Amino acid sequence: MNELKLKQNLKKITIFFVIISFLIFAFGAVASYSLGQVFRDTMYQQINAQAVEYKNSINRKVQSGLQTLYALNSLMSFSEYIQPEVFENALYESNNQSVFFRMVYFNNDKTGIRVTTNGDIERNIKLEDINENIQKSIKEAWDGKTSISDVYYDDGIEQNVIAYAVPVKKDNQIEGVIAASQSINIFTPIVDTKGILSDNGIVMLVDKNGKLLTGSTNFSSKNIENINDLKLIDDKTKDKIILSASNLKQSNITLKINKSLCYAIVEPVGISDWSLVVIDNATGVNKSMYQNMHITRVTSIIPLALAIICIFCGYRQIKKSNDNLLKLAYYDSLTGAYNMEKFNMLLNEAWNKEDKKSAVVAIDIKQFKFVNEIFGEDMANKLLCHIKTIIDKNINKDEFFCRENADLFFIFMREDEQQKIVDRINCLIAQINNIILNKHQQYPISIYCGAAFTSDFTGEKQQFMTRVMFALNRAKLSCKNNNIRFYDLELHKTEQMQNYIESHMQEALNSEEFKLFLQPKIKLEDGKLYGAEALVRWVTSDNKMIFPDQFIPLFEENGFCTKLDLYMVEKACKYLRRWIDKGYEPINISVNQSKLLFYKENYVESLCKIIKKYSIPPSLITLEILEGLALNNVNQLNDKIKKLKEQGFKISMDDFGSGYSSLNTLGNLDIDELKLDKTFLMIASNTDGYRQKLIMEQIIVLAKKMNMYTVAEGVETKENEQMIKQLGCDFGQGYYYSKPISAKEFEKIYMRERKKHE
Ligand code: C2E
Ligand code: MG
Ligand code: MG
């Protein structure tokens with residue numbers, strides 16, 4: 001899975017969790033809101049029912065007052081004239097029922113009689129002499145209506161009162177008006193009844209201006225004349241209540257009193273401009289219901305909150321594992337550096353927005369295997385982490401790097417000059433060498449690098465990294481320490497050649513483009529031909545000659561060497577057979593054998609098969625192996641050598657002294673011949689090569705003691721020949737005698753004269 005996909009997945013998961021959490025939250029909010037709504041509706045219904053109850057009671061009270069007047073009215077309808085005694089009596093009766101405290105009767109000539117509960121009787125009073133509120137009602141009664149006055153203050157009893165007025169009719173003619181007044185306080189017991197209200201419930205009877213007519217006794221009514229005087233309620237709510245009262249409209253209002261939630265109902269009474277204002281708090285009437293609602297809310301919020309917490313935890317877990325996956329996918333677990341996949345992605349991005357010349361540098365440690373074996377895996381890992389830290393410190397903000405595998409690192413550098421890169425790499429190497437692998441001894445870490453500039457490259461991006469690797473491999477081949485090789489034109493040609501070689505090798509083998517060349521091996525004692533070394537030359541179809549240095553290392557890498565070497569053995573045998581058949585005395589031919597062959601299954605059998613095919617005595621074939629082969633496993637190599645020698649082949653050790661020569665290995669191997677590398681002779685023949693000469697001499701002595709012939713390679717001059725002769729060497733090989741020549745030419749020059757005379 002790539003980074004983009006992982007990030008997209010995480011995005012999807014995030015969206016999913018956000019939606020789920022939101023839905024749960026929304027569900028919780030809706031459920032909680034609905035619960036609140038249900039509770040509020042119930043509260044309003046209950047308070048409203050109570051308000052209607054008050055309203056009905058007040059109406060009944062008013063009706064009963066009117067009823068009394070009607071009764072009096074009918075009484076008077078039958079009398080000739082109004083007698084004060086009748087009034088007095090009626091008032092007395094009414095007073096006994098706490099209904100009226102003053103009563104008046106006006107006849108058509110607008111004179112009247114007034115009776116008060118204390119027994120005062122006033123006759124011939126004028127309409128203008130009485131309170132204008134009653135006047136208004138009396139006038140309405142004269143118009144034939146039953147009338148109830150506005151509330152007014154009666155100085156006599158020092159109370160708010162209301163008055164009723166009814167017309168007195170005789171034969172359907174209005175004969176007069178009877179009116180009576182009573183204290184508004186007669187409604188106090190009604191509004192003071194708690195009913196279903198809680199103790200905190202407030203009931204007020206107000207007029208359209210919010211003026212308090214009467215109210216329940218549980219709030220201080222002393223200084224309160226108007227709703228506006230109530231300190232418990234905020235101004236906004238007061239305005240709402242007064243507005244409702246003035247419009248005589250029923251309304252429900254939610255408010256806060258002392259921070260607790262309350263509900264208010266304004267209910268028009270239907271009498272004059274009166275409205276009832278009933279207020280109760282939520283915890284009052286429906287305390288248990290309110291508590292239940294709270295419990296329900298809390299109990300439903302807890303699982304919701306738990307669900308959201310669980311989802312959050314799950315999300316975090318998924319995010320964490322996603323991050324881990326990203327780490328696994330893009331980071332090297334040992335050093336914490338990016339891995340190759342991430343590096344390629346970053347390289348791609350950098351490539352697309354390339355504005356400056358940049359390069360990729362591959363860094364590899366020389367002999368890392370050795371570090372691993374000598375210092376142990378832990379120390380080797382420590383070294384890799386150390387390198388990571390050093391690179392990290394030394395790269396710029398817009399640069400990046402990765403560890404590909406083992407000891408191979410790639411760095412993307414924004415540099416446009418080779419020298420700058422060389423300087424930076426040298427600085428890096430110096431810092432890397434600060435690590436102490438061994439307490440007793442400083443082990444120098446040698447590094448080789450390959451680099452390529454991105455701007456020099458126009459092909460497919462993937463192929464770019466093969467250029468870097470190619471440059472790295474070339475740096476590896478060089479013997480220089482801390483070598484950095486840039487991919488340039490020369491390397492490009494080499495790479496092209498390698499590509500050609502790899503793509504044509506099989507075809508070339510089939511069409512016999514690999515030619516057998518021979519270089520004579522001269523016996524120094526008598527200067528006669530002793531044998532020859534088979535050296536391959538690739539002659540392409542267009543007659544170009546490719547030398548083994550160009551393709552043998554590559555074939556050793558890709559394994560093709562095993563085929564080629566056996567092919568060369570066969571070619572040598574073919575010529576030997578031809579020479580034997582022609583009656584030439586055969587010579588020994590040395591064939592180079594690559595390392596891989598020695599580990600190949602049925603190697604000995606394959607050789608024997610060839611020998612048999614051409615009926616060649618195996619003693620005519622010397623197999624040249626490289627000393628490096630013995631480094632890995634002497635016993636295994638000795639087993640193979642033993643088998644080959646049993647078959648009759650001769651074994652020679654090639655290029656002795658060129659690599660990590662060890663006399664110890666030499667002593668352990670059962671070989672017939674030792675070929676001293678040409679560098680030996682080169683150095684020994686210098687004027688200051690005295691020591692080398694001494695070593696060479698001792699090696700020859702040693703070889704002889706171990707029953708080995710010695711061959712000196714690279715004999716180029718007469719002096720060279722004299723020197724090796726003097727050192728006791730058995731054979732010489734080199735340009736002094738002949739360059740490698742084609743087998744046919746060799747036959748012409750050397751073999752024909754070896755024809756046996758019958
Ligand atoms: P080698 O086996 O050590 O072969 C000797 C090399 O030294 C040959 O190079 C030869 O041409 C060169 N040489 C001979 N005399 C002189 C001299 O006087 N001065 C100098 N400077 N060089 C001299 P060549 O033919 O280019 O082969 C190079 C190497 O390639 C061989 O080194 C051998 O390791 C490998 N090689 C050649 N043919 C084969 C083959 O068929 N199979 C395998 N596996 N390797 C081969
Ligand atoms: Mg050789
Ligand atoms: Mg050699």
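**View 1. Two magnesium ions share an aspartate.** Aspartate 654 coordinates both the magnesium ion (ligand 3) and the magnesium ion (ligand 2), which sit 3.8 Å apart. This is a predicted model, where local features need pLDDT of at least 70 and side-chain atom pairs pLDDT 80 or more, while totals for chains, interfaces and linings use all residues. Residues are numbered from 1 along each chain as written, chains are lettered from A and ligands numbered from 1 in written order, and side-chain values use heavy atoms, leaving out hydrogens and water.

**View 2. The donors of ligand 3.** Asp654 (OD), Asp655 (OD) and Glu713 (OE) hold this magnesium ion at 1.7 to 2.4 Å; donors here are N, O and S atoms within 2.8 Å of the metal (3.2 Å for Na, K and Ca), and with water absent, sites may look incomplete. Their spacing in sequence reads D-D-x57-E. Aspartate 654 counts as buried because its relative accessibility is 5% (buried is under 20% relative accessible area, with a 1.4 Å probe and protein chains only).

**View 3. Polar contacts to ligand 1.** Here a polar contact is a pair of N or O atoms within 3.5 Å. Arginine 537 puts a polar side-chain atom 2.9 Å from an oxygen atom of ligand 1, and aspartate 565 puts one 2.8 Å from a nitrogen atom of ligand 1. Tyrosine 735 uses a polar backbone atom instead, 2.8 Å from a ligand 1 oxygen atom. Taken alone, ligand 1 exposes 780 Å², and the protein buries 87% of that (Shrake-Rupley areas, 1.4 Å probe).

Notes:
Polar contact = N/O pair within 3.5 Å; in protein donor to acceptor, adjacent residues only side chain to side chain. Buried < 20%, exposed > 50% of the residue type's maximum accessible area, 1.4 Å probe, protein only.
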